[in-house]
Structure formats: structure tokens, C-alpha cells
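Subject: Structure handover

Hello,

Here is the structure I said I would pass on. My notes on it follow below.

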Amino acid sequence: MALLVDLQLPDEYRDGVVANFERIKAIAEIVNSFELPDDVESAPIFEP
Amino acid sequence: MNDALSIADAVRDRSFSAVEVAQAALKRIAARDNELNCFTALRAESALEDAARIDGEIAQGNYPGLLAGVPFAVKNLFDVAGLTTLAGSKINAENPPAIKDATAVARLKQAGAVLVGALNMDEYAYGFVTENSHYGATHNPHDLSRVAGGSSGGSAAAVAAGLVPLTLGSDTNGSIRVPAAFCGVFGLKPTYGRLSRAGVALFSSSFDHIGPFASSVRDIATVFDVLQGEDDRDPICTKRPSVETRNLTQNIDNLRIAIADDYFVKGANPEALAAVEQVAHALDVRDYITIPEAHRARAAAFVITASEGANLHLEKLRERPQDFDPATRDRFLAGALIPSSWYIQAQRFRKWYRDRLREIFQNVDVIIAPTTPCSAPLIGQQTMILDGEEILVRPHLGLFTQPLSFIGLPVLSVPIQQQNGLPLGVQLIAAPYNEALILQVAAVLEAKGIVSAKILSSGASQF
């Protein structure tokens with residue numbers, strides 16, 4: 001995944017990043033598991 | 001030390017000169033900042049020049065401003081002309097100095113206030129403690145072994161220690177409210193977009209707010225009024241007309257006030273809940289209100305913050321990760337890997353949640369909740385015991401602040417001084433743009449002696 005955003009993750013940070021990513025994943029699951037109606041759009045309106 | 005408005009009165013009526021006031025502030029800072037570590041830069045020379053100019057205006061019979069001669073300082077993510085904007089980082093220290101003051105800084109100066117320096121923070125605002133690996137931890141004036149809170153720790157501690165009566169900070173998930181609570185001072189996070197962010201280093205644009213710290217409600221109201229107003233330099237800044245808050249009555253008889261229950265009464269220690277009860281009791285409030293899905297709001301705020309923060313710093317994370325504070329680095333790196341669908345889902349949930357809060361505020365005017373689940377932890381403390389379980393303390397500090405900044409509601413953290421303990425804060429929350437209601441309630445609490453900022457000044461300085 002890091003390669004996709006062109007992040008050369010040095011080995012010494014790998015464990016810390018993995019641990020933090022696991023945390024984020026668990027937290028994102030709290031949001032993702034909530035059923036949102038399809039017509040709820042995010043708020044920002046782009047003004048051309 | 002007296003509050004900002006009493007200093008301004010004294011300077012305007014020439015009981016003291018602005019220069020004397022600035023010198024006294026610089027002297028207090030020199031005496032105490034070594035043990036507190038609030039300041040990362042001092043502007044002694046320009047402060048004395050500004051103060052002399054204020055005195056000159058007064059001598060000529062010109063009105064010098066609402067905050068004439070009041071010394072103030074700002075979190076080091078505000079641009080100050082001639083100073084490099086550190087944003088708590090080592091990387092930004094290599095940047096050239098800012099050319100122009102941030103709008104908020106300029107507006108305070110226009111009101112006659114005198115800038116004395118820049119204040120310590122967590123790197124890139126990504127923290128609730130102000131333990132900075134490059135510039136050191138900021139110590140809580142009430143107990144030097146404890147954190148001042150973050151990320152605006154220097155701002156809160158400087159007021160609590162009586163170094164200056166007024167500071168500015170920023171709040172993305174709690175970075176004004178948490179340190180205000182831990183240091184026992186007033187900290188206002190206004191409505192999202194109410195105050196200009198021009199010239200302020202960003203962290204997570206969806207949630208970044210700026211706001212003041214002070215030792216009295218009238219100071220907070222006055223600074224808030226001075227800072228309001230549209231700004232072409234900030235596209236997020238509202239064009240709504242300013243709402244004056246500093247000359248309001250204390251008539252809150254018709255306000256509907258309720259205590260946030262459910263999420264907001266769990267995960268907190270008894271003292272934090274007792275502080276809320278004290279405020280509720282003083283206001284004769286017995287009603288409760290449930291804010292739905294607050295745990296999901298906190299989760300969504302976390303995902304958005306991690307994504308936006310990482311995106312902002314991505315180039316530097318690629319080039320020089322070793323120059324980041326270890327406390328932020330791995331969190332930013334992980335945030336850079338968040339799938340877009342998680343971010344988008346969080347922003348969609350935000351709309352849903354905002355609509356629920358709009359419905360709630362049709363039936364209530366002000367909601368009260370704890371600011372933090374506990375008082376200030378020790379510097380370096382990693383974990384705490386909650387309900388018999390060991391949890392990481394630092395992320396937990398934003399438990400009650402995050403679900404509110406998530407949708408930009410205005411919140412004032414009011415200080416409760418405990419007899420045998422550290423200060424705590426209570427959040428007064430209102431619907432968007434209703435800061436006036438919050439300040440009225442706070443003024444009533446202050447008049448009753450329920451909330452107060454205990455300023456720890458070591459000398460007999462009358463200002």
C-alpha cells in the first residue's frame with residue numbers, strides 16, 4: 001500500500017506504522033458499519 | 001495578575017503605561033518560563049516598540065483600542081511577521097520567516113494588544129498533551145510533573161501561570177479545550193468558520209478552528225468580538241455579520257439547558273462527572289439530552305483527521321520522515337494509507353450527524369458535558385486505568401471534545417478548580433453561531449463563583 005503512494009517505508013518505522021494502521025482500521029470500521037441512506041451526501045459543495 | 005480588560009482600562013486611563021505592562025510581562029516570563037517551557041520565541045524588542053506606540057497614541061488623545069497595552073502570545077502555528085512559523089516542528093524551522101501577521105494576530109494588535117512571543121505545541125498540532133520531542137514538554141503550572149494538555153499547551157499554561165492574560169490557540173479535535181481544562185483557564189473553540197484562519201498553519205482543514213484562552217469570561221467575549229469579521233484571505237471564514245458578545249446581560253432564565261448523557265457520562269472518572277454536576281446544579285438543570293452515535297462521530301473525526309493531516313505532510317513524510325517527532329510520525333504515515341472509501345464514508349456520516357444535532361438544538365439551547373475524562377496525566381504517561389482496564393491515555397483525552405468539533409459546534413471550556421485536586425473543565429455547547437448564549441451562561445457561573453481561572457502568579461505584580 002505504501003508503494004502506491006510512493007512512500008518508501010523504512011524498516012524501523014514499519015512496526016509502528018502497522019500498529020497505527022490497525023488502530024485506524026478498527027476505528028474506521030465503527031464508521032463503515034453504520035448504515036447510511038444512499039442520499040446522504042458529504043457536505044462540501046464545489047463552486048466552479 | 002488582573003485580567004486583560006482591567007489592564008486595558010488601567011493603560012487607557014494612564015494608571016500604568018503600556019511599556020510598564022510589557023516589561024512586567026517579559027520579567028515574569030524570564031522568571032518562570034524555564035520551568036514551564038511555554039514559549040518558543042520571544043519578541044521583547046518589538047513588544048516594547050508596540051507598547052511605546054500605544055502610549056504615544058494615548059498621549060495624543062487617540063483611542064488606543066479595546067485591548068490597549070494587553071500583552072498576548074500565540075501558538076507557534078500563527079504567522080508572526082519576521083518570525084518563522086514552526087507549527088511545533090523541526091522541519092518548519094528551516095522555512096523563511098513569515099512576511100505578514102496572521103489575520104487574528106493583526107486584529108488583536110489593531111485593538112491595541114502587544115504581542116510578546118510564540119508558544120509551544122505538539123508537532124503539527126497532532127496531540128493532546130504538548131510533549132514535543134524537538135522543543136520539550138510544556139509543564140502544567142498547577143503541577144510541573146504533569147502535562148499542560150495539547151496541542152495548544154503553551155497557550156493554556158501561559159495564561160494559567162499569569163505570564164500573559166491572553167493567548168491564541170487552535171482546536172481540531174480538542175486542542176484548545178483539553179489544555180484549557182487541564183490548566184484551569186477558559187478556552188473558546190468558536191463555530192467552525194467563525195474566526196479567520198488566514199496565516200495559520202493547517203492540520204486538518206475540515207476541523208481546524210482558532211480561538212482564545214483567558215482568565216475571565218469578559219476577556220474571552222471581548223477577544224472573540226475583536227477577532228470576528230469576514231476575511232478574503234480565508235475561504236472558510238464566514239461572511240455572516242459579527243455578533244457582539246461582550247456587553248450581554250446575564251439573563252438566562254429562558255434558556256433551555258441540558259446535560260449530555262449516554263456517551264458523555266461513560267469513560268470518565270468521578271471527578272470529571274462531578275464537575276458537570278456542579279455546573280448543572282448551579283444552573284438548576286435537571287434535564288438530560290442524548291446525542292446519538294457520538295462514538296461514531298469520534299471515530300469519523302479520527303479517520304478524517306488522520307487522512308487530511310497525512311496528505312498535508314505527505315511530501316515531507318516521503319523525503320525526511322526521520323525529522324518528524326516520533327509521537328506523530330507513525331500516525332501520519334499510517335494516515336497516508338487510508339483508503340478513500342473510509343474517508344468519504346466519514347464525511348458522509350458527518351452530514352448525517354450534523355442533521356441530528358440540528359434537530360436536537362431545536363429543543364435545547366445549551367448542552368453541558370465534561371471537557372476531559374480525567375485531570376492532567378503525568379508527563380510521559382502512556383496508559384491509564386479506566387473501568388479496570390488499561391488504555392492508552394493520550395488518544396482518550398479527546399473522548400468528549402472530538403464528537404463536537406467534528407461538526408464545528410461552538411464550545412467554551414469553563415474551569416472548575418478542585419479543592420484537593422487539579423483543575424477540570426466543563427464544556428458549554430450551543431448551536432452554530434450561538435457563542436453569545438454560551439458566554440451568558442458562563443458569565444452567570446463565574447458570578448456565582450462556580451467557575452474561575454486560578455492564576456498562579458508568583459510575585460506581587462499588580463498586572
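Over how many bridges do β8(B) and β10(B) pair, and in which sense, parallel or antiparallel? The two strands are joined by six bridges, and the sense is antiparallel. Please keep in mind throughout that this is a predicted model.

The sheet

β8(B) and β10(B) belong to an open sheet of 11 strands in chain B, with mixed pairing. The order is β1-β3-β2-β8-β10-β9-β16-β17-β13-β11-β12. At the edges are β1 (39-42) and β12 (288-289) of chain B, each of which pairs on one side only.

Around β8(B), the pairing is as follows. On one side is β2(B), which runs parallel to β8(B) and is joined to it by three bridges. Within that pair, B:Phe72 has B:Leu166 of β8(B) as its bridge partner.

Burial of β8(B)

β8(B) is mostly covered, with six of its six residues buried. In a regular strand, side chains alternate between the two faces of the sheet. In β8(B), one direction is taken by B:Leu166, B:Leu168 and B:Ser170. B:Thr167, B:Gly169 and B:Asp171 point the other way, and both sets are buried.

A helix lies across this part of the sheet: α5 (residues 153-160) of chain B. The strands it lies across are β1, β2 (71-75), β3 (114-119), β8 (166-171) and β10 of chain B. Its direction is at about 155 degrees to β8(B).

Between the chains

Helix α1 (residues 11-32) of chain A meets helix α9 (residues 294-312) of chain B, their axes coming within 8 Å and crossing at roughly 130 degrees. Because of that angle, α1(A) is oblique to α9(B). The crossing is left-handed.

From α1(A), the residues making the contact are A:Arg23, A:Ile24, A:Ile27, A:Ala28, A:Ile30 and A:Val31. From α9(B), they are B:His295, B:Arg296, B:Ala299, B:Ala300, B:Phe302, B:Val303 and B:Ala306. By class, 10 residues in this contact are nonpolar, one is polar and two are charged.

Regards

Terms used: Residues numbered from 1 in each chain as written. Chains lettered and ligands numbered in written order. Predicted model: local features only at pLDDT ≥ 70, side-chain atom pairs only at ≥ 80, totals over all residues. Heavy atoms only, no water. Pairing = 2+ DSSP bridges. Helix = DSSP H or I, 4+ residues; strand = E, 2+ residues; numbered from the N terminus. Contact = heavy atoms within 4.5 Å. Axes fitted to C-alpha atoms, helices over the stretch in contact; angles between N-to-C directions. Parallel < 35°, antiparallel > 145°, perpendicular 65-115°, else oblique. Left-handed = near helix turned anticlockwise from the far one by under 90°. Nonpolar A, V, L, I, M, F, W, Y, C, P; charged D, E, K, R; others polar. Buried < 20%, exposed > 50% of the residue type's maximum accessible area, 1.4 Å probe, protein only.
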